[in-house]
Amino acid sequence: MKLLEHQSKELLAGFGLGFTRSNAASSADEIARLARELGGPVVVKAQVHAGGRGKAGAVRFAEGPDEAARAARDLMEMRLARARVTTVSIEPRVQIEREFYAGVAWDTSERLPMALFSDAGGVDVENSHRMARRHFDPWRGLEAHVGRDMAAEMGIDRRLLAPAGDFLSRLARAFLECDALLVEVNPLAVVDGGLLGLDAHVEIDDDAVFRLGARLQAFAGSGDRVLTALEREAQRIDSMDHRGVAGRLVEFDGNLGLLIGGGGASLTVFDAIRRHGGRPANYCEIGGNPTEEKVAALTALLVSKPGVTHLAVIMNVVNNTRADVVARGMIEGIRRSGRRPSDVVTVFRIPGSWEQEAAAMLAAEGIASLGRETSLEEAARLAVERSLAHAT
Ligand code: GDP
Ligand code: MN
């Protein structure tokens, strides 16, 4: 779950981090009223789930209420990251002396959280090679002296060493306590000789959102891309029961429905399908041994969509998901949509638990299944070939 800037700041402020306070609004009139309350120069920003707003013209400076209202109106005409801007924020404008970047993320190769600090803060941090990095123990957090060390490496003014160490240490605590995947403050600005966060980005692990309960409830759903009807229905199917995942999907407009395993393997498969000229109808995650009914409902949903001619079922080697349960659910789902499984299925490749039972069941339907001797790449290629050969 990604939080918007004003939500991220609010959450992080709860850990004692200093930010310019953003007020969110959804109309130019509200922005004008807030500008009047604030008095003086302000910054008006689009609240969207996308970085790089500065470069996209979605961060506007205004001298007073009229200009702020005009900026808000302009922003709400914009589309950013394929979504309309519906929420804008306003905050007092400050005089920036210097900009830093502070962040915490998971380093998946080291399997440890990692704190980051750079003196190339602002809108260009992505292109910077100057970055202090320190892994830290997730049980102990990041000690302030380590944060001070990172800030010193980036040449921060001596008077700001202690505040910077404290900031990084609190940011790391927020990251751990909120089960975040990423927290970023950019810029962490030097203002009036002290440190002040002007922008923040927080992303929480979806599977931990429930643990934050009321703290996050207020933010849920706001500003997200609006789900399509198919995506909402898939979510409903996934929530039918707690066993396994089947239905976390993103809709595309192609003809090839996909039942693919979650994580890296499904990204690989999706990319391979695109590379071979296939047109996916969806990206999808299934795994964790979903029930037959979940798979059936999801399959029926996918193959009933107008324009979907074929289905490919491709997973990496499974050990807790049962291939035969997926096969049975898939066959049932295609039947429910009034079609014949052998007309619809291009490839079925789920090596691992119960694969022989799955193969026998599919053979009875006239469908040849693929085993682990066929690579994910090759399975994707075959799926595309078959979906094009019989495209209707
Ligand atoms: P982003 O481009 O989406 O990361 O949006 P930011 O909120 O970080 O704003 C982009 C840039 O605008 C920042 O890096 C700052 O340089 C600048 N900026 C934002 N707020 C202020 C402010 O209050 N005063 C000044 N002078 N610059 C600001
Ligand atoms: Mn920023």
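The second largest pocket in this predicted model is lined by 18 nonpolar, eight polar and twelve charged residues. Its volume comes to about 890 Å³.

- The top contributor is β10, with four residues in the lining.

**The β10–β11 hairpin**
- Strand β10 also pairs with β11 (residues 194–197), running antiparallel over four bridges.
- One of the bridge pairs is Val 191 with Gly 194 of β11.
- Two residues sit between the strands of this hairpin, and Asp 192 has a positive phi near 50 degrees.

**Around ligand 1**
- Ligand 1 has 19 residues around it, and the nearest are Lys 45, Arg 53, Gly 54, Val 94 and Glu 99.
- For Glu 99, a side-chain N or O atom lies 2.5 Å from an oxygen atom of ligand 1.
- Arg 53 likewise has a side-chain N or O atom 2.8 Å from a ligand 1 oxygen atom.
- Gly 52 makes its approach through the backbone, with an N or O atom 3.5 Å from an oxygen atom of ligand 1.
- On its own, ligand 1 has 560 Å² of accessible area, and the protein covers 86% of that.

Notes:
Residues numbered from 1 in each chain as written. Chains lettered and ligands numbered in written order. Predicted model: local features only at pLDDT ≥ 70, side-chain atom pairs only at ≥ 80, totals over all residues. Heavy atoms only, no water. 1 Å grid on protein atoms, 1.4 Å probe; cavity = no way out; pocket = protein on both sides within 12 Å on 5 of 7 lines; lining within 4 Å. Points joined across faces, edges and corners; volume = space filled by probe spheres on them. Nonpolar A, V, L, I, M, F, W, Y, C, P; charged D, E, K, R; others polar. Pairing = 2+ DSSP bridges. Near = heavy atom within 4 Å. Polar contact = N/O pair within 3.5 Å; in protein donor to acceptor, adjacent residues only side chain to side chain. Areas by Shrake-Rupley, 256 points an atom, 1.4 Å probe, with all protein chains shown as cover.
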